[in-house]
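Good morning, and thank you for the time.

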Amino acid sequence: MLLRAIRQNVVLSCSSAARVSARAVTVRRFAADAAAAGTSQASFAARHPFAFQLVVATAKTSAADLMTQVVVEKKSLTEVDWKRNGIFVVFGFVYLGCFQYWLMVNKFRQWFPTMDRFAKLPFAEKLKDTAGIIDAAKMVVFDLAVHMPLMYFPSYYSVKEFVSGKTWNPIDWVKDGVTKYTNNFVADYTACVKLWGPSDCIQFVLPVHIRMPFRHLVSFFWTAYVSFTRGSIQKEPSSE
């Protein structure tokens with residue numbers, strides 16, 4: 001009887017150990033698969049930086065406006081203004097995904113020759129690289145003093161007129177858009193500097209292939225602000 005009890009205890013112990021071992025193997029496989037997926041995504045972003053950030057820019061811009069309409073403005077899905085959302089889809093794809101990448105990667109690489117070398121340095125080495133720091137500071141100044149006030153905002157307001165306006169004349173899109181931008185300049189630019197000033201100081205020291213996805217991440221909250229304050233399409237008063 002004693003031997004039988006001992007044998008049963010040994011069998012039970014071995015069975016429990018086998019189950020624990022199997023669970024441990026499952027956990028390790030799950031962790032390995034998750035790590036592989038993360039590595040694959042990071043690798044794709046590094047190998048195809050333009051395509052990756054283009055998808056992020058377009059999806060993020062649409063999602064930020066949709067979140068603003070549903071969560072902040074308390075609209076149901078049937079009440080969502082899809083024409084307004086279309087403004088952000090077009091702007092996210094054409095301007096943020098295409099033009100902004102060309103400007104902040106391709107052109108910045110030409111205008112600021114230390115960009116790639118500086119981006120690859122460890123943070124401690126970046127602090128010793130005076131030329132790289134100066135070029136990064138120039139990028140911040142260019143973004144805040146030239147890009148945002150003279151390119152981004154006029155383009156956004158013009159795209160809004162293209163999507164929601166009553167005319168197919170591009171001159172009218174730009175004229176009407178710039179007029180509205182001028183009226184909102186102080187509030188828009190003040191909010192812009194408060195957010196993008198600190199954000200740019202981080203963005204322009206990151207590895208190059210991460211810079212635009214990081215900008216799009218910050219831009220999610222910026223787009224939500226723009227959607228809430230400038231996204232609404234004004235309806236023409238009824239003639240009745």
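In which hand, right-handed or left-handed, does helix 2 pass helix 3? The crossing is right-handed, where right-handed means that the near helix is turned clockwise from the far one by less than a right angle, and left-handed means anticlockwise.

Before I continue, please note that this is a predicted model, in which local features need pLDDT of at least 70 and side-chain atom pairs count only at pLDDT 80 or more, while totals for chains, interfaces and linings use all residues. Residues are numbered from 1 along each chain as its sequence is written, and side-chain values use heavy atoms, with hydrogens and water left out.

The protein has eight helices and zero strands; helices (H or I, at least four residues) and strands (E, at least two) are DSSP runs, numbered from the N terminus. Along the sequence, the pattern reads α-α-α-α-α-α-α-α. Of its 240 residues, 36% count as buried, a term for under 20% relative accessible area, with exposed meaning over 50% and partly exposed in between (1.4 Å probe, protein chains only).

Let me return to the packing of helix 2. Its axis and that of helix 3 are 8 Å apart, at an angle of about 155 degrees; axes are lines fitted to C-alpha atoms, for helices over the stretch in contact, and angles run from 0 to 180 degrees between N-to-C directions. The two helices are therefore roughly antiparallel, since angles over 145 degrees receive that name, while those under 35 count as roughly parallel, 65 to 115 as roughly perpendicular and the rest as oblique. By class, this contact of helix 2 with helix 3 has 12 nonpolar, nine polar and three charged residues. Here Ala, Val, Leu, Ile, Met, Phe, Trp, Tyr, Cys and Pro count as nonpolar, Asp, Glu, Lys and Arg as charged, and the others, Gly among them, as polar.

The loop between helix 2 and helix 3 contains Lys-74. This residue is not a glycine, yet has a positive phi of about 60 degrees. Lys-74 is exposed, with a relative accessible area of 66%.

Helix 2 (residues 49-72) also meets helix 8 (residues 208-230): their axes come within 8 Å and cross at roughly 20 degrees. Helix 2 and helix 8 are therefore roughly parallel, and helix 2 passes helix 8 in a right-handed crossing. The residues of this contact divide into 13 nonpolar, eight polar and two charged.

I turn now to the rings. Rings of Phe, Tyr and Trp (its six-membered ring) pair if their centres lie within 6.5 Å; planes under 30 degrees apart count as stacked, over 60 as edge-to-face and the rest as tilted. By this rule there are 24 aromatic pairs. One of them joins Phe-108 and Phe-112, edge-to-face, at 5.1 Å centre to centre and 90 degrees between the planes. Phe-108 is buried at 0% relative accessible area, and Phe-112 is buried at 7%.

Why is the pair of Trp-111 and Phe-142 called tilted? Their ring centres are 5.5 Å apart and their planes lie at 55 degrees, so the pair is tilted. Trp-111 lies in helix 3 (residues 82-111) and Phe-142 in helix 6 (residues 130-164), so the pair ties together parts 31 residues apart in sequence. Trp-111 is partly exposed at 41%, whereas Phe-142 is buried at 17%.

Finally, the charged end of Arg-215 sits over the ring of Trp-196, 4.3 Å from its centre.  A charge sits over a ring if NZ of Lys or CZ of Arg is within 6 Å of the ring centre and within 35 degrees of the ring normal.
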